[in-house]
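The following note is intended for a colleague who is meeting this structure for the first time. Please read the points beside the sequence and the model.

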Amino acid sequence: MKGSFLGSFLHDSSNILIALLLFGAVILFHELGHFLLAKANKVAVLEFSLGMGPRIVSFARTDQGFRIKFFGSGKYFEEHEEYKDHTIYSWKILPIGGSCMMLGEMEDIEDDRAFGKKSVLARMSVIFAGPFFNFILAFAMALCIIGMIGYDKAEITRVEQGMPIAESGFRDGDVITGINKKNIVVNRDLIYYLQFHPLTDESIELTAERDGKEIKATVTPKLAKDENGKEVYRLGFAYGNGRTKTGVGGTIKYAAYEVKFWITTTVESLGMLISGRVSPRELSGPVGIVHVIGDAVDQSRENESPEDVVKYVFLNLLSLGIMLTANLGVVNLLPIPVLDGGRLLFLFIEGIRRKPIPEKVENGFNIGGIAVLMLLMVFTLVNDIMQLIPH
């Protein structure tokens, strides 16, 4: 019993550590975008940190040479003049975020290096760089996956005789390229389309490619039993035939499409959430995402041979990383105060008005934005916990 508990604890701890490392990489790259564009625009960066809360270790390259400090407080760095005008790089204790603190970011300071003293375009570039770097990271991850194992072609692998798709002339090996005027580029496009648009008795328009030629037909689903014996509307085919290797050009093309896919899916999911087509209970917070990452790691360990486990754990984490970083990029661009999108909106208004938004107004919106985000965080946390409790 004791051994079983220890094994379970170590297993869960390793999954949590892997999830935190993935979160950390995604957040660090986001903040790196802010940091690099701040430096490029000659904005003084006070501190660049991974994590939140008390500092574990900090370092800086000062006029007196390289300095490192364990568990340094803000007061400590203020009192030691050698750190003045130098960026402090910190690793903090809570692995739930990160920051790029810039001079004059939250207050008006008479200093040419202050964020607030830069042009509207310069400030917009610094703010936009965070989400944009999330998309760059997603692209780099997609390049790794597709370069290693290829892309997932939407190929028909099995046609059931007597079912609508067979009667419409489709056959094994056809590659689906469109459904109801929705372009299908990879297998996941088809999966998500059918998930969000369940089949009914209404006809659908299906397009496919066979030997370089396009074939098109109108197919009407019919009621038939699925693998569980339940009667549902079906077309009668299986699709998806693993991964297809491609060249350098194809790798770049499909990596770019992978990023586009997740950006579009995130936007569409938010739209369905707002319109009520998707329940808020479908939202996942950090706990739920950690659980998903743990499941992906476990699945790789169980289904792959020992020599392939590391490779497929890595690939599964990259796949989840693409989704996470693309989601973070999109959500951060939402026009909500305190998010990058909200700050961009204020800067856009400032550019039109040719003067800043009154501080009182901006602070009021920011307080409201923080309240909304806190409520959302609490909701997703409770929702995650409820999902993990056996019913």
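1. Ile 179 stands opposite Lys 182 in strand 6. Strand 6 (residues 182–183) pairs with strand 5 in the antiparallel sense over 2 bridges; two strands pair if DSSP finds at least two bridges between them. Strands (E, at least two residues) and helices (H or I, at least four) are DSSP runs, numbered from the N terminus.

2. This is a predicted model, in which local features need pLDDT of at least 70 and side-chain atom pairs count only at pLDDT 80 or more, while totals for chains, interfaces and linings use all residues. Residues are numbered from 1 along each chain as its sequence is written, and side-chain values use heavy atoms, with hydrogens and water left out.

3. Strands 5 and 6 form a hairpin with 2 residues between them, and Asn 180 in the turn has a positive phi of about 50 degrees. Strand 5 also pairs with strand 7 (residues 204–210), in the antiparallel sense over 4 bridges; Gly 178 has Thr 207 of strand 7 as its bridge partner.

4. Because 4 of the 5 residues of strand 5 (residues 175–179) are buried, this strand is largely enclosed by the rest of the structure. Buried means under 20% relative accessible area (1.4 Å probe, protein chains only).

5. In helix 9, the buried residues include Leu 344, Phe 346 and Leu 347. Just after helix 9, Arg 354 takes a positive phi of about 65 degrees.

How values were computed
Buried < 20%, exposed > 50% of the residue type's maximum accessible area, 1.4 Å probe, protein only.
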